[in-house]
Amino acid sequence: MMKTVGSARQDGGVLYIEGLRKSYGDVLALGGVDLDVRAGEIVALLGPNGAGKTTLVSIVAGLRRADSGIVRVDGLNALSRSSEVRRRIGLAPQDTGLYPVVTVRQNFMLFGELAGMSRAALRPRIDEVAEALDLTELLDRQAGKLSGGQKRRVHTALALLHSPRLLLLDEATTGADVETRTRLLDVVRRLAADGSAVLYSTHYLAEVETLGSDVVLLDRGQVIVRGGVDELISAHATPVVELTFEGAVPDVGLNGEASVDGQVLRLVTADPAATLVDVLPRVRADALQSVEIVRPSLEAVYLALAGRRYDEADREDKREDTNVSAS
Amino acid sequence: MYPRASLAVLRHEFRVMLSDPSTAIFVVIIPLVLVALTKNLFAIQLSEDGFASANGSEFAVPGMAVAFASFSVGYAGFTFFRDHGWGTWDRLRATPASSVDLMIGKVLPTVTLTVVQLALLFLLGKPLFGLEVSGSILALIVLIVVLALSLSAFGMLVTALSRTMNQLNAIGSVGGMTMAMLGGAWVPITAMPGWAAAIAPAIPTYWAMKGFQSVILEDGGITDVAGATLVMIGFGVLFTVLAAWKFRFEDAKVYFG
């Protein structure tokens, strides 16, 4: 069933967030986010760069302070009982974080012990996690000498060691090769099947479609919708025909579902082929740069709800990030 | 507080330290070379100060030991900046370990390195340079440990005040060097200009050198070095309080650049 915005459930949720707000100076990062994740559930936190995903994950993990709002993990207030909460959390931050001068096993030992595991319990668990992520052969190798994909797997594995109640993965597959990505997603699914709640932040639309999880779409610090991939697509996504012109968009005589964005004419239509047959004779071929049909997908959901293309938003928000960093 | 966490970090920091022992070797070998080079020079000064039978190692060994121990100021901070550079700082903070656990686990290896370095130089001082300690060995050990703690606390303060690795290097190196020089580790206080001798008591290393001189040359025991020890503890507490006040665990530190 599709959940409406602002409908976080308090009952039985491993993670419960209500009215979470955070600003960096004048820049609003989170504007009152409500969210919940239950045991065994994978929730993909999807949004372009700068949408507020990392800020949200960082606040839940206790790395940043919220301006206001409630965060509970297993019913415990994340602010006042942060140590107990962190014991229940496994975090793989956005940037790969490993000690390069010691072995993979020694990295595992450190973070396993810090998570509260005994050395005796850690040894078999390291073998288990290493096998799941195809790291067994690498355990005694210096972490700094691994390939990028191998480092990414070790980085994520460190968050899984203590079988956390809540797994927070922030852009876990960024820069990962296909094999690494597949393995990571498999392990995430298995962990959820074993009862962990997973909050999986990503800006890859295709990855969320593959994961088949619940999706929370975040845009400019606001949850704009939540639901399963299929239900979101059927509820919000109608195919869109996009015609890009060399110069100004000509008047093609269509009303209603047509909108103009710079040199792009967007036509929301249930039948893209019929629309093209109707529209193309009305425009000069030499003025037309490209024609694209945006099929029903999360991309189209984002377009329908946020009013802009996902990849454009990603680029815009990256630019905004750069300006904020520079200022 | 979660002592097992401190222990895990401490063990790990030793492992990282031993993965590149060049710093540890550097702070032992180079002072030995400098002692060999300067010993005779200091023999003349000590003779003028009334220690006619001194061979110079009585000042050169503790002086070089203290001067190079001052490098631990930067090393203590380096362990934090390095974690920011490796992306492991947020990982550590996301574990149940508290800020105090992390701090203890990271600083104690630096304290240990400094203690071992100082102790090794004193131990090697006898066979290599004929250093004779006339006073209490226990008093010597107390001075070594308290000095290491005090310098590491200063290192934490410098770390708290530095946002970038470059700042840490600048403040740590210059601060450590100044502390060693004005404290009388490079040049005996009696040979320093009046203004420098006047401000020397405001430097922890001055009290370390004073204590070492008492133990090595003046048959000093625990009670003789109690004053110097207490002053160094006072400095250590002051640095720790200031560091705890200024340290922001959530602030990003820039490893390079």
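The structure is a predicted model, with an ipTM of 0.87 and a pTM of 0.83. Its second largest pocket has a volume of about 590 Å³, and its largest cavity has a volume of about 130 Å³. Thr95(B) is among the residues nearest the centre of that cavity.

**Confidence**

- The average pLDDT of chain B is 92, and 99% of the residues score at least 70.
- For chain A the average pLDDT is 86, with 91% of the residues at 70 or above.
- Residues 1–7 of chain A have a pLDDT below 50, and this stretch makes 14 contacts in the model beyond near neighbours in sequence.
- Residues 320–327 of chain A also have a pLDDT below 50, and this stretch makes 3 contacts beyond near neighbours in sequence.

**Second largest pocket**

- The volume of this pocket is about 590 Å³.
- Its lining consists of 26 residues, and those closest to the centre are Gly62(A), Arg64(A), Arg65(A), Leu79(A) and Arg93(B).
- Four elements each supply at least two lining residues: from chain A, strand E1 (13–24), strand E4 (68–73) and helix H2 (82–87), and from chain B, helix H6 (99–129).
- The most is given by E4(A), with 5 residues.
- By class, the lining of the pocket holds 11 nonpolar, 7 polar and 8 charged residues.

**Cavities**

- Empty space left between atoms is shown by rolling a probe the size of a water molecule over them.
- Over the whole structure, 3 cavities of 30 Å³ or more are found.
- The largest cavity, at about 130 Å³, is lined by 13 residues.
- E6(A) gives the most to the lining of the largest cavity, with 3 residues.
- The lining of the largest cavity comprises 8 nonpolar, 3 polar and 2 charged residues.

**Thr95(B)**

- Thr95(B) sits in the loop of chain B between helix H5 (89–93) and H6.
- Thr95(B) counts as buried because its relative accessibility is 7%, under the 20% cut-off.
- Not counting residues up to four places away in sequence, Thr95(B) touches Arg86(A), Phe111(A) and Leu114(A).

**Thr79(B)**

- Thr79(B) belongs to helix H4 (residues 72–86) of chain B.
- With a relative accessible area of 2%, Thr79(B) is buried.
- A polar atom of the Thr79(B) side chain lies 2.8 Å from the backbone oxygen of Ala76(B).
- Leaving aside neighbours within four places in sequence, Thr79(B) is in contact with Glu13(B) and Lys106(B).
- Thr79(B) and Phe14(B) are 65 residues apart along the chain, and their C-alpha atoms are separated by 11 Å.

Notes. Residues are numbered from 1 along each chain as its sequence is written. Chains are lettered from A and ligands numbered from 1 in the order in which they are written. This is a predicted model: local features need pLDDT of at least 70, side-chain atom pairs count only at pLDDT 80 or more; totals for chains, interfaces and linings use all residues. Side-chain values use heavy atoms; hydrogens and water are left out. Buried means under 20% relative accessible area, exposed over 50%, partly exposed in between (1.4 Å probe, protein chains only). Contact means heavy atoms within 4.5 Å. A polar contact is a pair of N or O atoms within 3.5 Å; within protein, one must be able to donate a hydrogen and the other to accept it, and residues adjacent in sequence count only if both atoms are side-chain atoms. On a 1 Å grid over the protein atoms alone, a cavity is a set of points where a 1.4 Å probe fits but cannot get out, and a pocket is an open set with protein on both sides within 12 Å along at least five of seven lines; lining residues have an atom within 4 Å of a point. Grid points are joined across faces, edges and corners, and a volume is the space filled by probe spheres set on the points. Ala, Val, Leu, Ile, Met, Phe, Trp, Tyr, Cys and Pro count as nonpolar, Asp, Glu, Lys and Arg as charged, and the others, Gly among them, as polar. pLDDT is the predictor's confidence in each residue, from 0 to 100.
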